[in-house]
Each structure stands twice: as structure tokens, then as C-alpha cells.
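Open the model in your viewer and keep the selection tool ready. The stops below go from one residue out to the whole chain.

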Amino acid sequence: MNPPTIIGEKEFELIKVSYPEHMDEIGTLRISSWKNERGINTEFFAQEKWVDDLDKDSHHWIVIHQGHIVASARMSFHYSYHSIPYTSAAYESLFDLYGGLPIASINRLVVDPESRGHGLARLLDETRVNFAIENGARMITAQPLEGRVAALKKLDFTMIEQIVSPFQIPGREIFYMIKKLAEY
């Protein structure tokens, strides 16, 4: 059991979990955290849970508060460029410049609306960056919404460009960012 993380006056527990452990709860949190946001595909968010094929081979973290999962995040490791989410072939030379493979990608960060404002996104971002470094990734890609760009810049992610929003959130701006981890 992990020691609790105290943020403000609240106690949270950060736990790394493996697929399929807690995936139903994580998938449900992804939907419930997003379903009332602006710019979403309401038909997609009418489903009960959001779990996809990338979840099976990814690393997952959850944050628990008072026995409930209040935040989660995912990280995937990629050993070919075409497997990286939201990536085009045009990025391959950029990836080579930044150190090549393996590349980690961070995505599916969600925080329950009632638990926002306690630094849980930052905790999950820092945890995933450290995990990528410890496990030999040469760089990390991220595709944040406009509201998360500044937080990732504080962690030394570099903005590459705005990209086409996925069908789940067609009315939101999304960006492509990279963090170089190692010198090669």
C-alpha cells in the first residue's frame, strides 16, 4: 500500500494499476468527468465507460480519495512511430531529432470535477514523467487540451502545433507537445 499524499487538507492515495484492474471504474470516470464539458461528442459520452485497445498495453495510475477513484491517467510506451496516438508521418524526423525510440505517450488524464483544484493532474503528470525516465523512454508525447498546455510547459514540454481534435471532443482545441528526456 502506498503512503497517502496530502494535498491541502485532503488525503489522496496514488496507485499504479495494471490492466484490467480497475478498468471498469477508470472507464466510467473518463465518461463521468467529461460528459458535462463543452465541445464534446454527446453521443460518444452517452456510453457507460470509455476503455480502448491502447489500455491493454499501457501503464495506469489512479488516485483514490475516501475509497473512490477521483483521478486516473495512462502512459504507453511505443517502439514504432506509427503506434503513437495522434501522430503523423511528418513527425518522424522530429522524433529522430529528439532521440528516437522508445517514446512514451501520456493521455487519458481525468480528474473528477468535484476533486479538481487539488493538484491531482500535476501529481499524475510528474508521476508519468518520472516513470518514463526510469523506464528508458527517450521522449514523451502529449496531446493536451488548451487548458493543460501551460502545466505541461512547466514540465519542459515543447509545443509543436495545434492538431485536429479527435471525434470525442470535436469542439475543443488540442495540441501536440513533446518532452525530450535523454541526450543521444
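Select E21. E21 is partly exposed, because its relative accessibility is 41% (buried is under 20% relative accessible area, exposed over 50%, partly exposed in between; 1.4 Å probe, protein chains only). E21 sits in the loop between β2 (10-17) and α1 (23-34). Helices are DSSP runs of H or I with at least four residues, strands are runs of E with at least two, and both are numbered from the N terminus.

This is a predicted model, so local features need pLDDT of at least 70 and side-chain atom pairs pLDDT 80 or more, while totals for chains, interfaces and linings use all residues. Residues are numbered from 1 along each chain as its sequence is written, and side-chain values use heavy atoms, without hydrogens and water.

β3 and β4 run antiparallel, joined by 7 bridges (two strands pair if DSSP finds at least two bridges between them). Which residue in the turn has a positive phi? Pick Q66: its phi is about 50 degrees, and the β3-β4 hairpin has 2 residues between its strands.

Next, select β4, residues 68-78. Is β4 mostly covered or mostly open? Mostly covered: 10 of its 11 residues are buried. In a regular strand, side chains alternate between the two faces of the sheet.

Move on to strand β5 (residues 103-111). β5 pairs with β4 over 7 bridges, again in the antiparallel sense.

Zoom out and colour by element. The chain has 4 helices and 8 strands. From the N terminus, the order is β-β-α-β-β-α-β-α-β-α-β-β. The radius of gyration is 16 Å, close to the 16 Å of the globule rule for 184 residues, so the chain is as compact as a globular protein of that length. That radius is taken over C-alpha atoms, and the rule is 2.2 Å times the number of residues to the power 0.38. Along the principal axes, the C-alpha atoms fill a box of roughly 45 × 40 × 30 Å.

Last stop: burial and contacts. Of the 184 residues, 50% count as buried. Among contacts (heavy atoms within 4.5 Å) between residues at least 6 apart in sequence, 67% join residues at least 24 apart.
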